[in-house]
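Reader: Please go through the labels used for this model and set each against its cut-off.

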Amino acid sequence: MSTPSADQVQQLRRTYDQAGQGHVFTFWDKLSSQEQSNLFHQLSSIDPNRVNSIHKSSLQAERDAAKSTHDDITPPPADQSGSVISNPDQAREWNQIGLAAIRDGKVAVLLMAGGQGTRLGSSAPKGCYDIGLPSHKSLFQLQAERIRRLETVAGAQKPLPWYVMTSGPTRKPTEAFFAEHDYFGLDKDNVVFFEQGVLPCLTDDGKMFLDTPSAVAVAPDGNGGVYAALRNPDPTSPSRPTILSDLARRGIEYVHAYGVDNCLVRVADPTFVGYCIQRGADCGAKVVKKTEPTESVGVVALKGGKFAVVEYSEISSEMAARTDENGDLAFRAANIANHFYTRQFLEHVSHFDETQMPYHIARKKIPHVDLASSGGEKVKPTSPNGMKLEQFVFDVFPFTRHFALLEVERRSEFSPLKNAPGTGSDDPETSRRDLLDEQRRWLERAGATFAEPDVEVELSPLLTYAGEGLEGIAGLKISKSGAVNSLDELKSLAA
């Protein structure tokens, strides 16, 4: 890292002073040469005028949201909604369309994996987590093996590229984990890591906090930061192609995006991809039914006539309980961060600025340096004292021209990992249970039976992606638990 010249420092300092953020240089004269260099390079990567603009637009968006009423929120229209539930013939048709696109090399996978497993008691990236399966495979490995199996099922002529979005803290450990496990059998050239951005933490009046005398306090810009990250050069290797240019180079037309913490996720789900292609959608969302009116989840709905995710707090109890002509909840489309995009749509929204897609304000307790102290003492607040700014991945929904909504079975496709072990809800134990229960249903549909209720069989994704490939096991009575990678291993568990 090069040492800045006096002229460079003066010019940067002038920029920050003019933006009203000159306080970040408070301790400059007390810093070592290395600390000055570190701070200079961090400040050079931040545009203080953009930060001011983001702060202003975010506050305005917050005020506008406070004025909004329930009157402009309506259920999604039926003609833009589909379901795989009780529609097996249509689902098979969609699946074939999706498999053809995968076979022809038109589909890519985008994983949002910036989170750490802090709430799970782990400092590692969440994708490294072992939910306790018999195989002890991590979430990353389960997803990688689903990609490998899907390439086989589709007869792919080109590989399915996997774009893995990390955050600053998870970038290196994620790359190291993949390298340690030899990319789980995938070609490393088809696993592309990139990094979501960060934004300074701000006081309520928009001033940047210092985390230390030589560093501004920053936080990730939310999973919605994925759009800007697709167009921005990689900070670890600015000469590398951007993700958008790499997608274009590979001839990718469609992208399936999802969050890392769902052990049941059907990566590059050909049924979902095919449904969106058939509908001519530029953006789509996979959803599950709300379990009850009071479930605390955001739902996909129309807001002001445009698609959006509406938080449960924005819907009155009467609206939440409203039913349609079939007796289902009218506002039932629970968002699960599972999306489809065309590449052209991603290229369009990646250039939005903060006035088009404002950031959301999260008021937090932000540790910071006391600017009035001579030695830069750290302050640890006991109540919220500032804000972190983030975008959500669904913030682009209002900008779609052709949106497609697909309802899927919750028990088969959604089991999020959010909470610490033993919590009893959305924790490692429920994830493990839900995955093994789904695979048990696959085996039973194929004609197998179980000698005892507590027998557990884990099927490798390399053996089956979504229950296919199990023909020929009708009449098999499974008496032993275990993890299997082939039909022969499965048959060895029989009585």
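This is a predicted model: local features need pLDDT of at least 70, side-chain atom pairs count only at pLDDT 80 or more; totals for chains, interfaces and linings use all residues.

Author: Residues are numbered from 1 along each chain as its sequence is written, and side-chain values use heavy atoms, with hydrogens and water left out.

Reader: Why is the pair of F177 and F184 called tilted?

Author: Rings of Phe, Tyr and Trp (its six-membered ring) pair if their centres lie within 6.5 Å; planes under 30 degrees apart are stacked, over 60 edge-to-face, and the rest tilted. The centres of F177 and F184 are 6.0 Å apart and the planes are at 50 degrees, so the pair is tilted.

Reader: What makes F394 count as buried, and F392 as partly exposed?

Author: Buried means under 20% relative accessible area, exposed over 50%, and partly exposed in between (1.4 Å probe, protein chains only). F394 has 14% relative accessibility and therefore counts as buried; F392, at 22%, counts as partly exposed.

Reader: Why are helix 4 and helix 5 called roughly perpendicular?

Author: Helix 4 (residues 88-103) and helix 5 (residues 139-154) pack at about 100 degrees. Angles of 65 to 115 degrees count as roughly perpendicular, under 35 as roughly parallel, over 145 as roughly antiparallel and the rest as oblique. Helix 4 and helix 5 are therefore roughly perpendicular to each other.

Reader: Which residues make the contact?

Author: With contact meaning heavy atoms within 4.5 Å, L99, I102 and R103 of helix 4 meet L150, V153 and A154 of helix 5.

Key. Axes are lines fitted to C-alpha atoms, for helices over the stretch in contact, and angles run from 0 to 180 degrees between N-to-C directions. Helices (H or I, at least four residues) and strands (E, at least two) are DSSP runs, numbered from the N terminus.
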